Every structure is written in structure tokens, then in C-alpha cells.
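Please keep the structure in view while working through each solution.

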Amino acid sequence: MAIPQEVIEEIKYRNDIETTISQYVNLKRRGKNLVGLCPFHSEKTPSFTIYPENGSFYCFGCGVGGDVITFTGLIENLDYIESVKLLAEKSGVTLPQDGYDDSMQKLKNRIYDINRETAKFFHNHLLSDGGKWAREYLLGRGLTPKTIKQFGLGAAPDSWDSLIKHLKEKGYTISEMLTANVIGKSQRGTYYDRFRKRVMFPIINIRGNVVGFSGRAMPGEDKMGGKYVNTSDTPVYKKSENLFGINYAKNHCSDQIILVEGNMDVISLHQAGFCNAVAPLGTAFTSEQVNLIARYTKEIVLMLDADAAGQKAIRRASQLLENTGLNVRVVVIPDGKDPDEFIKNNGADRFKALLSGAVSDIEYKLLMAADGLLLDTDDGRLKYLSKAAQILSTTDDVMARDIYIGRLCEKYEVSRTALTSKVEEYRKQNKRTQRKKEINDVIRPKFTKDDINPERRKSLKGVSAEETLIAVLLQHPDFLDYAKENLPPDKMITNLNMRIYQTLLDINSQGRIPDISVFAQSYSSGEVGYLVSLQNSGKAGENAKIVLKDCIKVILEENTLLSFGKEENQNTEDWASKLQEIINKKSKGNG
């Protein structure tokens, strides 16, 4: 059973969609609606729209849409029930103790419990005689007992089934352990501990729950299984949406977050007093991680390793951060050291000085553009200045462009007019490219409908009528009785629209008014976005009842045409004559 609709309505009433979304997105009023940059994909021109009139939102760029509950789930990485609970808690709404299906939430709670118990198991083993090897390793890396305890570090025993036995004693099933990904299953059907003789780093999410683990092999023992073994995605964990150390950093990063590469970098910096450091989790920096960071800070300092992989990661991170509104700075660590090594060898004061010398993202790009070029030759200087002009063309900050153009002209003895002209040339190219992208972003939802409803190709005319019918019924639910009398659900052309139409009729038969939240519980996020786009379209027009009648007529006619095509062993001449008869009737009707 679902949470009672009246409870959902109360939660939505108390959590105004404009107020809620404005905590994450900078909104501007456009007529009766509001617009902003979409938090779910990168864009320079706002395509994310809020419709306060019906409490919904829709992005014309990526097709995501829904209500305040849907938005909360997407931005906080929660399922529907978790989103409802969070908003209820924020607004003081008491949820019924039963009456809704919370089986997924119960499973997640069991996984959280398994992870917490597993973290305790690893930590206790670290402190035992059997974990001396891991203790010595961590202490040898400069960590204090206090830091080891703070981060809940542990050690996995050199055993195939110690954790399995421990969790069984605590009442957890093999199935639950597999779902939590703390154990594996061999091809022979036997079960084994996933983490064996590894230093263990528990991964803790923003709410303080242990969601996964990263296990590091001892130096020289990483031939089997690699240097790191990490938890795979589970119902409570997606590595692309989490950051190591964010549970602590969120309370210390209002001004700045430091992005480093590894777990040990984070821990060393926190131990030295830099509690605003975080790291990706064994993966490239992602747009989801960018969105997470942007909710907590104004500035991000990229301090990734100085090797080729680290520099590539900085370039990728810079691209992802371009349209976030965050101030981006970069630190290049001397001598190719990583942050952990640097702070151990030089201390916190030197690190603080290094941090204060962080260069802007543009300045870093200008420095890196010179790599591999012979700047003492005319050809090398020309190539570098062309690269520099491209870099400067990407910023809209007129003063920054002017300052860097001046510096480059003075350093390389080139006229300001020439370099400025080259920058403006690239800016015009950028604008043309951006315009094409914006047009594509606006057009894309029309085509992504094919992804949401691949059966559209059956009959574009018929499906267009279906979409208009759904738009009318969402905007004018008082017409549902008329629709039910004149259009049986099985006459709809596509399965998705048939399912939506049937849901609308079911809601109406229960004496309830259709609402997007009803669909959010059982439809995919793409399908909900599709519905919101229809709900807020102008398809219904001013004469909605007439539009509805026309839609029903078209759907029935197209359904009839399609049904002829499906008939097996149909005599071709007979089929053609019947088809012509239908076409003639349609022509007379149009006349």
C-alpha cells in the first residue's frame, strides 16, 4: 500500500517547491514560473523550470521532472519513501506507522546495519593482536591512534570466512551479506569474505551511515586483487555519488573544499587540521560529486597528484566545474609529491602556504598550455599564444581577460590588439557552438520521448493525440469521466500511455484528484519527467473539451488502422478496400 495521499499532500504543502529548490538552485522569476541552471546536468543557459502553480519542475535540457518529493530524491540520492520521510521530518508531519510498503527501506536499513557491524568487526581486528601488521602500517604512515579511531579504520583478517561467521552470529543472512557486497560467491557456489588481509577504510555518507568499504593491500601484496578492492554499487551506495571524508568536511567547508586523490591524503590533511578535504572513491571525478560539493561550499581547490594521471584528472574536474558557479583554484605540489607526502615532509604551515598560493583555474591552464612547446622559438610562442587565446576565450570575466592578455603581451612581446583580436575570434566560435548546443538541448526532449516511449514510432499522429489527451486530463481531471465513457484503455496505441491513462482512471474512480506524486511512487524518473512536460505544455488549449474529443477520435481511428495491419492472413485486396473506406470517412469528416 502507498502512503495515504492526504499525508503526501500535507508534506508537499509544508515543503513549498520554490523554497525547497531555491536551497540548491539560484532561481530567477520568468513570468509566473521560475528558472535556473539545472543541478542534474551542466548548462550555461537556464532550462530548469519550476511551475509553482501546480508544484512541479521540469528541465528542458535533460528531461528530468517531478514534484518537491521527486526533486528531493534526485538531489539527495534517496528513493521515494526516504524522500517522503526526510521532508516529513523537516516539516513536522507525522507519518503513519504502517499502511505503506517500506520493504526497500527495510532492506536498506539491514544493509546499513551490516555495514556498521562490519566496520566494527574490522576496527576491532585492527586493535587486536591479529591486526598488528595493519596497525604498524597505519602508524608508520604517520597516523595517530586518535585519527585511526576518528575515521574508524580497520583491518580485514587473512581469512576466507571470518566475517561471514561473525555476521551469521549477529543474525544476518547470506543473501543480505551479498546484497551489502561484503561477501562474494564463487563459481562453485561457495561464499567468501570479499576483503582479506587489507587495511580497511569505511566509506561514510553525508548522514553518517557506513555505506561501503575500500580495502588497501599491504605494500608488495597487491598482486592478487589489485592495490584496492572497493565495494561495488549497492542499494545504499553508488561510488559516483559519494566522496570520502564528506561526512566530516561538510561541517568545515563553507569557504572552501580541497579535492585530493586518495583516502590517505584526506586522512592526513584532516589530522593536520585541514578538515575540508575530500576525495573521489576509486573513480574519476563525476558530475554527481560536483553537485554534492556545490551544496556545501563556494570554492574548490584541486590538489590532485602531479603525475600525468593527476593532471588529466584536474583537466576533467575543471571541465565539470565550469558551470557550477564555484570558484575553482588549483595547487601544483612541488617535486611531484602527493598531499600526504608533502604534509608529512614539510608540516602544516608549509602546506598552508602552498594552499594560499593556489592559482586560478585559468592561470593553471595557461601554465599547462606551455608543456611541450619551445617558447624560445617563434613557432613555439605562436602555438602557445593561440592556446592561451583559446583558454581566455572561455571566461566571461572581462577584467580577468584584460589582466591576462596584458601579462601575456608584455611577456611575449606581442601587441594587445593582436591577442585581443584572437581571443574575440575564439569567443565568437564558442558562442556559435553554444547556440547549437542550446538549440539541441531544447529539441532533445522531443526526441528523448522516443527513449521513454519507444512505441511512438507506431503512429506519430496517434501518439501525439495520446500525449495531448493525457495533458488535457492532467490539467482538467473533471473530464476523466467523459474520457472513460468514450475511450477504453485498451484502445490506446502505446503501452506507456495506456498505463498512464489507466492510472488516471483508477485515481478518479477512487474519488481522488490526479497528482504527479501518485506517479512518482511507481514510475521511473524519466516517465515522471515526461508527465510533467505534458502537464505544463500548452497542448490542452483554451477549448480543452473539444481538444479531448478530437484526441479520442484520432486515437480510435489510428487504433483501427493499426489493428488492420496486425490481422493475420488478411486478404490484401479486402484489407486495401477497408483501409480506403476508413480514409474516405476521415476525409469527409475533415471536410
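Predicted model: local features only at pLDDT ≥ 70, side-chain atom pairs only at ≥ 80, totals over all residues.

**Exercise 1.** Determine how strand β9 is placed in the structure and which strands pair with it.

*Solution.* 
Step 1. Strand β9 covers residues 198-204, and seven of its seven residues are buried, so the strand is largely enclosed by the rest of the structure. Buried here means under 20% relative accessible area.
Step 2. In a regular strand, side chains alternate between the two faces of the sheet. In β9, R198, M200, P202 and I204 lie on one side, while V199, F201 and I203 lie on the other, and both faces are covered.
Step 3. Strand β6 (residues 154-156) is joined to β9 by three bridges and runs antiparallel to it; G154 has M200 as its bridge partner.
Step 4. Strand β10 (residues 210-217) also pairs with β9 in the antiparallel sense, over seven bridges, and F201 is partnered by S214.
Step 5. Five residues separate β9 and β10 in a hairpin, and G208 in the turn has a positive phi of about 85°.

**Exercise 2.** Describe the open sheet of five strands and the helix lying across part of it.

*Solution.* 
Step 1. The strand order is β1-β2-β3-β4-β5, with antiparallel pairing.
Step 2. The edge strands, β1 (28-30) and β5 (65-66), each pair on one side only.
Step 3. Between β2 (residues 33-36) and β3 (residues 48-51) there are three bridges, and V35 stands opposite T49 in β3.
Step 4. Helix α3 (residues 68-76) lies across β3, β4 (56-59) and β5, at about 50° to β4.

**Exercise 3.** Identify the residues with the most contacts inside the largest nonpolar core.

*Solution.* 
Step 1. This core has 59 residues, and V182 and F351 have the most contacts inside it.
Step 2. Helix α5 (residues 103-127) supplies the largest share, seven residues.
Step 3. The residues touched by V182 include I114, T118, L163 and F213.
Step 4. A second, separate core of 33 residues includes V472, L496, L504 and L548.

Conventions. Residues numbered from 1 in each chain as written. Heavy atoms only, no water. Pairing = 2+ DSSP bridges. Helix = DSSP H or I, 4+ residues; strand = E, 2+ residues; numbered from the N terminus. Contact = heavy atoms within 4.5 Å. Axes fitted to C-alpha atoms, helices over the stretch in contact; angles between N-to-C directions. Core = buried A, V, L, I, M, F, W, Y, C linked by side-chain atoms within 4.5 Å. Buried < 20%, exposed > 50% of the residue type's maximum accessible area, 1.4 Å probe, protein only. Lists of a residue's contacts leave out its neighbours within four places in sequence.
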